[in-house]
Amino acid sequence: VYISDVERGDIQVFDKAGKFIKQIKPVLEAGKKGFRPVSFHVLNDGRIIASDYINHRVLFIGQDGKILKTIGNERGGGEGQFNKPDGITVIDDKIICVVDIFNFRVQLFDMDGNFIRAFGKAGKEAGSFGRPKEIAIDGNGWIWVSDAMSNLIQGYTKEGEVKAVVGLAKDKDAVFAIPRGIYFSGDRFYVVSRVANKVDVF
């Protein structure tokens with residue numbers, strides 16, 4: 001079990017019984033602010049891809065804490081640059097998906113960190129983001145993104161086409177209060193609503 005601690009600036013590893021195994025804490029370069037891993041993904045080979053929120057970049061980290069690769073290195077709005085990266089997930093260990101909060105988009109990269117495409121824009125309607133936060137992949141390969149400002153969760157194809165929107169006023173059984181964490185397991189969809197202090201299961 002891997003758990004990030006944004007205040008301590010580390011990722012801690014536990015066994016299934018809850019016994020502490022180790023701490024993974026990358027040593028940042030001179031001039032960089034503290035590591036704040038708001039989201040991460042563990043690859044099948046053990047490498048960790050994590051959002052370095054404060055430093056506006058994404059890190060590839062080894063199990064020993066060594067920084068292996070970075071995507072982005074300073075705040076910006078160009079391809080491969082970030083303005084507060086948040087949620088991260090990986091499709092089939094092939095495509096890295098990163099929520100780029102204040103660029104109001106999701107960026108996709110190959111496993112070498114090369115930019116593939118981005119989708120999203122600032123706004124409140126479908127296909128837009130106000131405060132995108134977390135990201136998850138469903139069984140169809142759609143990319144789902146939670147939005148803490150519009151209180152919507154939107155499903156996209158890898159090409160950036162909107163396929164579904166959950167949380168609209170008409171969805172009486174799916175109204176969220178600052179949705180944050182989202183997760184798919186089998187045919188179940190789990191949504192953490194931060195303000196409502198609840199987890200919805202669909």
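Tutor: The protein has zero helices and 18 strands, where helices (H or I, at least four residues) and strands (E, at least two) are DSSP runs numbered from the N terminus. This is a predicted model, in which local features need pLDDT of at least 70 and side-chain atom pairs count only at pLDDT 80 or more, whereas totals for chains, interfaces and linings use all residues. Residues are numbered from 1 along each chain as its sequence is written, and side-chain values use heavy atoms, with hydrogens and water left out.

As for the overall form, a compact globule of 202 residues would have a radius of gyration near 17 Å, and the 16 Å of the protein agrees with this; the radius is taken over C-alpha atoms, and the globule rule is 2.2 Å times the number of residues to the power 0.38. Buried residues make up 48% of the 202 residues, buried meaning under 20% relative accessible area, exposed over 50%, and partly exposed in between (1.4 Å probe, protein chains only).

The largest nonpolar core has 15 residues, and those with the most contacts inside it are Cys97, Val106, Leu108, Ile135, Ile143 and Val145. Such a core is a set of buried Ala, Val, Leu, Ile, Met, Phe, Trp, Tyr and Cys residues joined through side-chain atoms within 4.5 Å. At least two residues of this core come from each of β9 (95-100), β10 (105-110) and β13 (143-147), and β9 gives the most, with three residues. In soluble globular proteins, nonpolar side chains tend to be buried together.

Turning to the strands elsewhere, an open sheet of four strands has the order β4-β5-β6-β7 with antiparallel pairing, two strands being paired if DSSP finds at least two bridges between them. β4 (40-42) and β7 (67-71) stand at the edges, each with a single partner strand, so one side of each has no neighbour in the sheet. Within this sheet, β5 (residues 48-52) and β6 (residues 57-61) pair in the antiparallel sense over five bridges, and isoleucine 48 stands opposite isoleucine 61 in β6. Five bridges also join β16 (residues 179-185) to β17 (residues 188-193), which run antiparallel, with isoleucine 182 opposite valine 191 in β17. These two strands, β16 and β17, form a hairpin with two residues between them, and glycine 186 in the turn has a positive phi of about 60°.

Lysine 84, in the loop between β7 and β8 (85-91), has a phi near 70°, a positive value in a residue other than glycine, and it counts as buried because its relative accessibility is 16%. Aspartate 93, in the loop between β8 and β9, has a positive phi near 55°, again in a residue other than glycine, but at 27% relative accessibility aspartate 93 counts as partly exposed.
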